[in-house]
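Hi,

Here is the structure I promised to pass on to you. Have a look at it first, and my notes on what turned up follow below.

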Amino acid sequence: MTQITRRQALATTAALAAGATLLPTAQAQSPIVIKFSHVVATDTPKGKAAEFFAKRAAELTKGKVKVEVYPNSQLYKDKEEMEALQLGSVQMLAPSLSKFAPLGVKEFEAFDLPFIFDDYSDLHAVTQGPVGAKLLKKLESRGISGLAYWDNGFKVMSANRPLHAPEDYKGLKMRIQSSKVLDAQMRAVGALPQVLAFSETYQALQTGVVDGTENPPSNLYTQKMYEVQKHVSVTNHGYLGYAVVVNKKFWDGLPADIRTQLTQAMADATKVANEDALKDNQDALAKVKASGKSTVYEPSKGERFLLKKAMFPVHKQMSSRIGEETIKDIYKATNFDPTKM
Ligand code: LMR
């Protein structure tokens, strides 16, 4: 054999050997990819839960599923991500509950009603019970399967002026998510609501396109909105949380054992998400306070009551849009008596 032919022969043997070991492994390792897109920072309740789910899914499926998490609107902004899910360009999302009404499932706007939940225990009576399950089912007609609810938290208001009394909101342009209930809530205190994508909010606040906004502290902090807002009021007037959703066709088409493992991974991630959300928001608020960039104000009981009184009529105003039955179901689950308002 000449030098060249020997080298060629060696190379062929090596390639065959590599092929012999690599080919079956490569086939076994070709994982099912789940693209999970979201709009918030990684260091938030949703961001952390998504990472946890990815890790747990890999463990439980022994690498047969690879969840790729794309945070911070890297892939899609809120409206686009919903379309991408329905088209199958991404497989999983965790949009805020407010973002399902534009799909036509208006019942989800019940979660936006001001002062509908007093605390997480009220919320869980809905999200972890039959009312929550019934709402998730409604997404199926849109080609979406709802897998879980992930908590974020109760919202604070922010602006460049102190927000103590309902009158303080008058004339302020307030960024909201695209929800008719949030629109009505802002109008109830004389503010001018403006729908903007989450990813555009910081800049809109910075440049004065809007004057203020509402969000749980974890978002206010991680998006640095507090750096361009002089005043934060801990009103806890409403709730913002998520539904984790998948493209139904994709989900139904998974092998049954993989679906079972992913369901378990989701249950584990949900537990972590919901255990950490309260503390994450408390920590974020403490960091906003410590920054000295915004003044954080805790409204008195009386001030909070006046805000509630101003905003509560939104429940009635929006009841035919949301559906009276859904609102009643929530009142019942949380033992809330609206006549005692
Ligand atoms: C928002 O748009 O304010 C939120 O829905 C962002 C999020 O996903 O927490």
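F117 has a relative accessibility of 3%, so F117 counts as buried; the word buried stands for under 20% relative accessible area, exposed for over 50%, and partly exposed for what lies in between, with a 1.4 Å probe and protein chains only. Before going on, please note that this is a predicted model, in which local features need pLDDT of at least 70 and side-chain atom pairs count only at pLDDT 80 or more, while totals for chains, interfaces and linings use all residues. Residues are numbered from 1 along each chain as its sequence is written, and side-chain values use heavy atoms, with hydrogens and water left out.

**Aromatic residues**

How many aromatic pairs does the structure hold? There are 11 of them, where rings of Phe, Tyr and Trp (its six-membered ring) pair if their centres lie within 6.5 Å, and planes under 30 degrees apart count as stacked, over 60 as edge-to-face and the rest as tilted. F117 and Y239 make an edge-to-face pair, because their ring centres are 6.2 Å apart and their planes stand at 90 degrees. This pair ties together parts that are 122 residues apart in sequence, because F117 lies in the loop between β3 (92–93) and α4 (120–127) and Y239 in strand β10 (residues 239–247). Helices (H or I, at least four residues) and strands (E, at least two) are DSSP runs, numbered from the N terminus. Y239 counts as buried too, at 4% relative accessibility. Both residues belong to one aromatic cluster, formed by F100, F108, F111, F117, Y120, Y149, F154 and Y239.

**Salt bridges**

The structure holds 19 salt bridges, each being a side-chain nitrogen of Lys or Arg within 4 Å of a carboxyl oxygen of Asp or Glu.

- K99 and D78 meet through their side chains at 2.5 Å, N to O. K99 sits in the loop between β3 and α4 and D78 in helix α3 (residues 78–87), so this pair ties together parts 21 residues apart in sequence. K99 is buried at a relative accessible area of 13%, and D78 is buried at 11%.
- E109 and R321 form a salt bridge of 2.7 Å, N to O. The pair links distant parts of the chain, 212 residues apart, with E109 in the loop between β3 and α4 and R321 in helix α13 (residues 319–322). E109 counts as buried at 1% relative accessibility, whereas R321 is partly exposed at 28% relative accessible area.
- E214 and K155 meet at 3.0 Å, N to O. Here the linked parts are 59 residues apart: E214 is in strand β8 (residues 212–215) and K155 in the loop between β4 and β5 (156–159). Both E214 and K155 are buried.

**Sheets**

Strands of a sheet pair through backbone hydrogen bonds, either parallel or antiparallel. Two strands are taken as paired if DSSP finds at least two bridges between them.

β1 (residues 32–37) pairs with β2 in the parallel sense over six bridges, and K35 has E68 in β2 as its bridge partner.

Another open sheet has six strands, also with mixed pairing, in the order β7-β6-β8-β5-β9-β11. Its edge strands, β7 (192–195) and β11 (295–297), each pair on one side only. β9 (residues 231–233) and β11 run in the parallel sense over three bridges, and S233 has Y297 in β11 as its bridge partner.

**Two backbone angles to check**

Which residues other than glycine have a positive phi? F115 has one of about 60 degrees, and N335 has one near 55 degrees. F115 is found in the loop between β3 and α4 and is buried, with a relative accessible area of 4%. N335 lies in the segment after α14 and is exposed, with a relative accessible area of 71%.

Best wishes
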